[in-house]
Amino acid sequence: MPNIQPNEYTLRGYNVKVTFLSSGFQNQPFFTFEDGQQTLNFKGSDVRIIDTEIGKLVSVTLELTADVGSTSYSVLIPSINLGDPATESNFQTLGIKTVHKTPLVPTAGVLETYHVDQLEGTARSVKVPLNAAAGS
């Protein structure tokens, strides 16, 4: 069986939709986050990917506020072997919205809070044209 790795992941949960293209236009990663209030697109180094023993952790910064903190969204992408480039694989995973507090004056207490989304997704292998613009 061939080892065909997907490069496009479409994930949905309650009020959340994420699209992650691990190797999109110019072989750069592309990530779209939608939550019913906003749609944000990220590409290149704005998409952080870390290989872990439980899959790839893909993170983006949704909001950055000077002297207050930031909000990020991370998705855990499991290893998937499609077996055939024309097939898709359905899977379940987690998305985590994290609020990072960075107070002006150091204080004791919790500096990150989490909201976890149950996500259902589809993974597939797509060909990205060389002249395609990311997000179009």
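What we have is a predicted model, in which local features need pLDDT of at least 70 and side-chain atom pairs count only at pLDDT 80 or more, while totals for chains, interfaces and linings use all residues. Residues are numbered from 1 along each chain as its sequence is written, and side-chain values use heavy atoms, with hydrogens and water left out.

Let me start with the largest nonpolar core, which has 20 residues, and in which Val18, Phe31, Tyr73 and Val75 touch the most other members. By such a core I mean a set of buried Ala, Val, Leu, Ile, Met, Phe, Trp, Tyr and Cys residues joined through side-chain atoms within 4.5 Å, where buried is under 20% relative accessible area, exposed is over 50% and partly exposed lies in between, with a 1.4 Å probe and protein chains only. Several strands (DSSP runs of E, at least two residues, numbered from the N terminus) each supply at least two residues of this core, among them E1 (8–13), E2 (16–21) and E9 (112–124). Val18, leaving aside residues up to four places away in sequence, touches Tyr9, Thr10, Leu11, Phe31, Thr32, Phe33, Tyr73 and Val75, contact being heavy atoms within 4.5 Å.

Strand E9 also holds Val116, which is partly exposed at a relative accessible area of 46%.

Finally, the backbone: most residues other than glycine have a negative phi.

Terms used
Helix = DSSP H or I, 4+ residues; strand = E, 2+ residues; numbered from the N terminus.
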